[in-house]
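I opened this notebook to record how the parts of one protein chain are arranged. The entries below keep to what I looked up, topic by topic.

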Amino acid sequence: MSTIIQHTFDTPYPVGEVHCYSIELNGELVLFDTGPPTEVAKELLRQRLDLKRLRHVVCTHCHIDHYGLAAWLEREYGAIVHVPYRDALKMARHQERLAGIAELLYAHGFSRDFIENYRLIMKDGSVFPEFPADARVIEESDLPARLGFEVVPCPGHSQSDLVYVGDGWAVTGDVLLEGIFQSPLFDIDLETGERFNNYRAYCASLERMGTLRGRRICPGHRRTVESVEGVILFYVGKLLERTERIREHLLGDGNLASIVLGLFAEQAQHPFHLYLKASEVAFMQDFLREPRRLQQALRKIGLFEPLAEAFARVI
């Protein structure tokens with residue numbers, strides 16, 4: 001049995017260190033995620049892997065810290081890049097997506113000036129790296145079956161999150177993180193034209209996360225995951241704690257922009273940071289509209305009781 005190896009890179013982003021993972025499967029060298037698009041990360045990959053042998057780059061989700069070097073590995077070393085279907089869609093319809101997010105933000109009360117500043121950030125290279133020229137859709141590929149790993153959709157943090165499950169291990173990207181409340185990202189669903197509902201997606205993913213118990217979890221951040229149950233309890237506990245703290249505002253008459261700017265404008269003045277806060281607040285609002293959905297998902301995996309008192313305080 002091949003051993004999966006963790007590679008760690010510093011990033012210039014608030015999240016800090018990020019990990020990618022390499023493993024040899026059926027004689028083919030595979031890299032799950034790539035790290036950020038920095039010269040230091042490139043040099044570390046050169047030192048740690050025989051990149052001339054690298055056959056496949058498989059991305060958990062296409063955020064800059066996780067797939068920032070995919071295009072470089074494709075161009076310089078001929079690696080085949082595999083991405084989630086939803087990310088392939090976002091790459092193919094990139095401008096449409098940005099325009100759609102802008103209109104969603106406007107519909108939720110954000111000013112045109114704010115949206116223009118947000119759009120400038122989206123174009124400056126700090127959020128979107130170079131796209132691969134010929135990315136393959138992993139859900140449509142025979143690669144997982146041929147190399148012996150499974151693709152498990154677990155959207156919630158983003159609409160495209162995938163977990164890759166092999167013999168005793170699971171590469172989870174940002175799906176399961178020890179002690180981190182990863183922001184669910186406000187985005188447009190290009191298939192419907194509506195806002196993607198991260199909350200409903202997260203609830204649907206919980207049962208699939210429960211199947212990962214007993215495996216070595218290979219997370220995108222923090223060195224390890226002690227237990228799947230612990231991560232889920234932490235994440236939902238933080239959601240309940242934060243919702244309880246601002247529940248009065250969430251249930252008021254204000255729109256998303258007025259809530260976010262009223263609560264966070266002083267501490268998060270950068271447009272992208274305010275966007276992240278808007279993402280989190282929208283997630284909480286969706287939870288308060290349908291709390292039973294999360295309760296039922298937690299019951300299915302046997303994790304509701306430890307959170308029952310916290311639920312009672314919020315709803």
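The entries that follow treat the domains, then the sheets, then the helix pairs.

**Entry 1. Domains**

I note at the outset that this is a predicted model. I looked up the domain assignment of the protein chain, which gives domain 1 as 5-89 + 122-314 and domain 2 as 94-121. I then took the centres of domain 1 and domain 2 over C-alpha atoms and found 22 Å between them. For the contact between the domains, I recorded 23 residues of domain 1 and 17 residues of domain 2.

**Entry 2. The six-stranded sheet**

I asked in what order the strands of the six-stranded open sheet are arranged. The order is S1-S2-S3-S4-S5-S6, and the pairing is mixed. At the edges I found strand S1 (5-9) and strand S6 (136-137), each of which pairs on one side only.

I next examined strand S2 (residues 18-25) and strand S3 (residues 28-32), which run antiparallel and are joined by five bridges. Within this pairing, I noted Glu-28 in S3 opposite Leu-25.

I also looked for a helix lying across this sheet. Helix H3 (residues 70-77) lies across S3, strand S4 (54-58) and strand S5 (80-83).

**Entry 3. The four-stranded sheet**

I turned to the open sheet of four strands, where the order is S7-S8-S9-S10 and the pairing is again mixed. Strand S7 (150-153) and strand S10 (216-219) are at the edges; each has a single partner strand, so one side of each lacks a neighbour in the sheet. From one strand to the next, I recorded an average twist of 25°.

I then followed S7 to its antiparallel partner, strand S8 (residues 162-165), and found four bridges between them. Which residue in S8 is the bridge partner of Glu-150? I found that Val-165 takes that place.

**Entry 4. Helices H8 and H9**

For helix pairs, I looked up both the angle between the axes and the distance between the axes, since two packed helices are described by these. The axes of helix H8 (residues 198-210) and helix H9 (residues 228-250) cross at roughly 160° and come within 11 Å. H8 is therefore roughly antiparallel to H9, an angle over 145 degrees being counted as such. I recorded the crossing of H8 with H9 as left-handed.

On the H8 side, the contact is made by Tyr-202, Leu-206 and Met-209. On the H9 side, I listed Val-228, Ile-232, Tyr-235 and Val-236. By class, I counted seven nonpolar residues in the contact of H8 with H9, with no polar and no charged ones.

**Entry 5. Helices H10 and H11**

I found helix H10 (residues 256-264) packed with helix H11 (residues 271-289) at an angle of about 120°, their axes being 10 Å apart. The two helices are therefore oblique to each other. H10 passes H11 in a crossing that I recorded as right-handed.

From H10, the contact involves Leu-256, Ile-259, Val-260, Leu-261 and Phe-264. These meet Leu-274, Lys-277, Ala-278, Val-281, Ala-282 and Gln-285 in H11. I noted nine nonpolar residues, one polar and one charged in this contact.

**Entry 6. Helices H6 and H11**

I returned to H11 for its contact with helix H6 (residues 112-123), whose axis comes within 9 Å of that of H11 at a crossing of roughly 105°. This angle makes H6 roughly perpendicular to H11.

In H6, I listed Phe-114, Asn-117, Tyr-118, Ile-121 and Met-122, which meet Pro-271, Phe-272, Leu-274 and Tyr-275 in H11. The residues of this contact divide into eight nonpolar and one polar, with no charged residue. I noted that Leu-274 of H11 is listed in the contact with H6 and in the contact with H10.

Notes. Residues are numbered from 1 along each chain as its sequence is written. This is a predicted model: local features need pLDDT of at least 70, side-chain atom pairs count only at pLDDT 80 or more; totals for chains, interfaces and linings use all residues. Side-chain values use heavy atoms; hydrogens and water are left out. Axes are lines fitted to C-alpha atoms, for helices over the stretch in contact, and angles run from 0 to 180 degrees between N-to-C directions. Angles under 35 degrees count as roughly parallel, over 145 as roughly antiparallel, 65 to 115 as roughly perpendicular and the rest as oblique. A crossing is left-handed if the near helix is turned anticlockwise from the far one by less than a right angle, and right-handed if clockwise. Contact means heavy atoms within 4.5 Å. Ala, Val, Leu, Ile, Met, Phe, Trp, Tyr, Cys and Pro count as nonpolar, Asp, Glu, Lys and Arg as charged, and the others, Gly among them, as polar. Two strands pair if DSSP finds at least two bridges between them. Domain bounds come from an automatic or database domain assignment.
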